[in-house]
Amino acid sequence: MTLTEWPRTAAEPDPVSAPPAAVSDTHEPVSWTPDVVSETPEGVSETENGSGAESSEGKLTASQKWTTAGIVAAALVLAGIGLYLSFGHVAVFAFERLHFNSLGKGQLFAGGVDTGIMVMIAVDLLMAWLKRPISWVRYPVWLLTAATVVLNAASAAPRGPWETLDYIAAGAHGTVPVLFIMVVEVGRDAIDRVVRPDLERDSIPLVRWLLAPVATARIYRRMRLWGVASYPEMVRRDQELIAYEQWLKRKHGGDLAQATEDELLPMKMAPYGYTVAQALAMPDEQERAAQEREEEAERRRLDAQTRSEVAKAEAEADRLRAKGKVEKVRAEVDGQTGQARAHARAQVSAAERAAALEREALDQAVMAEARARQAEAERKEAQDREVKAAADLEAAELERQAAQKRKEAADADRVAAAEALAVDTKTIAEARRAAAEANRRAAETEKAAAETRRVAAEKDRKAEEEEARREAALAEKLASREAAAEAERRAAETRLAAAEIERRAVEIEDEAKLTSRQRAVRKVARMALAAGVVPDGLAYDDIHHELCERISIADVQRAFDVSSTDTASKYRQEAVALLADGYRP
């Protein structure tokens, strides 16, 4: 608290105290106040102007209610008279002298001003009755009332030189509005005193203003500035201050310069509403307040230190928990990666063993096929030899038969020649025809043997072509099996590489402390890359089209064990955006 700070209880009266003691003997606290703010100290029961300090709070008696009703009725009559006179004068004046186009517009102007005054007066009285007064509303009321007074007075102004009666007439025209505002102010103050008796203020007697205007002005200023409602209380404070000052002069031999700063506090703090006791108690109060502030600051420092230690401990606990979670995830990832590696190695080994077994089976099949072909070739060769031998035998038989025919023909010729001498020409001719027939038959036999050899050669050619086709089909089958084994081996290597990429990606994601959703989106992006999506050089829509063709929503649901198609679709969309931004694991 500074020396110029007004304490909350500085304006409240203190009981009549004994003459001031020494500064060190002052123990009265500044915050002590009596129960009732407007209570008058004992021995001072009424003011100098004769009005008692009796509280006005309470219910009105029947006579008071009738009196109040009569006053209100008279005020309303006065308001009606004033409005009637003012309305007529201002309306005519506005039409004739203020250049309103018609009397009706002048009447609207006068009615608007009077209505505004009445509305603001009603609001002011209502808010005062509700103990929520609006102080600034009074000033527009005064301003408008002054304008009404001026307009009423101007309506009686002559058009020529002013005479004494003209001044009286102008004043008479403005009397009723002024009287009405005075009644309103009295009513407002009465309502304020009734509904808020604790704010009732004593008035300073006129005699004091005449006898001591300067001192009275100081007292009035202090009462208004520091909310002292009781005039006797203010007089008592002033008397205490004068008495203390005289006592202090007597203590120091009339030289106040020898007084300490604490002893001079009542004179310094009196303009700020402090009593003598409050001013003298201020150093002790300030020392206690300073000590309390130091204690509060130390308590806040200790609390802050405790909170800081608790926060550090909680942060350390959170860090350890997070580290534990990271280690757990890393162990899970390592386990999954190890399983993937072992599975990939097992697949590679199985593929290699399958390829070796396939090669052995193919070799055995080739050898068996070769042996079968060799046996078939030997069998066919034996059959060919048999056919050729049969053909040779048949040809030899035909040759033999032809030779036999030729021998018979030759014998016939010899016989014919021998008989030629004995038989006639007809017999010789018949013998010759028989020889020619034998020659023809021999030629046909020769032709049949040649045809038989041609057929055997054609069979040998077809057998060789069939063998060539069989060998080509076997070679093609062997090549396809080798290609399938090679493709399986490459697929196993691809799965191994994908597992390694997945492991590295999981480690990177662990280091980056990504959320589970971010991890899922990146895994979908890696699935797309593994499925053959090549985002380089493609637009966002093209990447989205490629990914949707190769990775379905069902694939995403199976990969992450989610039942919501919306979640899987959002994973795919975010993976497309990630690939479009250049994500490559």
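This is a predicted model: local features need pLDDT of at least 70, side-chain atom pairs count only at pLDDT 80 or more; totals for chains, interfaces and linings use all residues.
How many cavities of 30 Å³ or more does the count come to? The count comes to 4.

Start with the largest cavity, which has a volume of about 130 Å³. Its lining is made by Ala 79, Gly 82, Leu 83, Ser 86, Asp 114, Ile 117, Met 118, Thr 145, Thr 148, Pro 177, Phe 180 and Ile 181. The elements giving two or more residues to this lining are H1, H2, helix H3 (138-155) and helix H4 (164-195). H1 supplies the largest share, 4 residues. Sorted by class, the lining of the largest cavity has 7 nonpolar, 4 polar and 1 charged residues.

Next, the helices around it. Helix H1 covers residues 62-96 and helix H2 covers residues 103-129; they pack at an angle of about 140°, and their axes are 8 Å apart. That angle makes H1 oblique to H2. Their crossing is right-handed. On the H1 side, the contact is made by Leu 83, Ser 86, Phe 87, Val 90, Ala 91, Val 92, Ala 94 and Phe 95. On the H2 side, the residues are Leu 103, Gly 106, Gln 107, Phe 109, Ala 110, Gly 111, Asp 114 and Met 118. By class, the contact of H1 with H2 has 11 nonpolar, 4 polar and 1 charged residues. Leu 83, Ser 86, Asp 114 and Met 118 take part in this contact and also line the largest cavity.

H2 also packs with H4. Here the angle is about 15°, with the axes 8 Å apart. Angles under 35 degrees count as roughly parallel, so H2 and H4 are roughly parallel to each other. This crossing, of H2 and H4, is right-handed. H2 contributes Met 118, Ile 121, Asp 124, Leu 125, Ala 128 and Trp 129 to the contact. From H4 come Phe 180, Ile 181, Val 184, Gly 187, Arg 188, Ile 191 and Val 195. The contact of H2 with H4 divides into 10 nonpolar, 1 polar and 2 charged residues. Met 118, Phe 180 and Ile 181 belong to this contact and to the lining of the largest cavity.

Last, the second largest cavity. How much space lies in it? About 50 Å³. Arg 222, Arg 237, Glu 240, Leu 241, Pro 266, Ala 270, Tyr 274, Thr 275 and Val 276 line the second largest cavity. Helix H7, residues 231-251, gives the most to this lining, with 3 residues. The classes in this lining are 5 nonpolar, 1 polar and 3 charged.

Terms used:
Residues are numbered from 1 along each chain as its sequence is written. Side-chain values use heavy atoms; hydrogens and water are left out. Axes are lines fitted to C-alpha atoms, for helices over the stretch in contact, and angles run from 0 to 180 degrees between N-to-C directions. Angles under 35 degrees count as roughly parallel, over 145 as roughly antiparallel, 65 to 115 as roughly perpendicular and the rest as oblique. A crossing is left-handed if the near helix is turned anticlockwise from the far one by less than a right angle, and right-handed if clockwise. Contact means heavy atoms within 4.5 Å. Ala, Val, Leu, Ile, Met, Phe, Trp, Tyr, Cys and Pro count as nonpolar, Asp, Glu, Lys and Arg as charged, and the others, Gly among them, as polar. On a 1 Å grid over the protein atoms alone, a cavity is a set of points where a 1.4 Å probe fits but cannot get out, and a pocket is an open set with protein on both sides within 12 Å along at least five of seven lines; lining residues have an atom within 4 Å of a point. Grid points are joined across faces, edges and corners, and a volume is the space filled by probe spheres set on the points.
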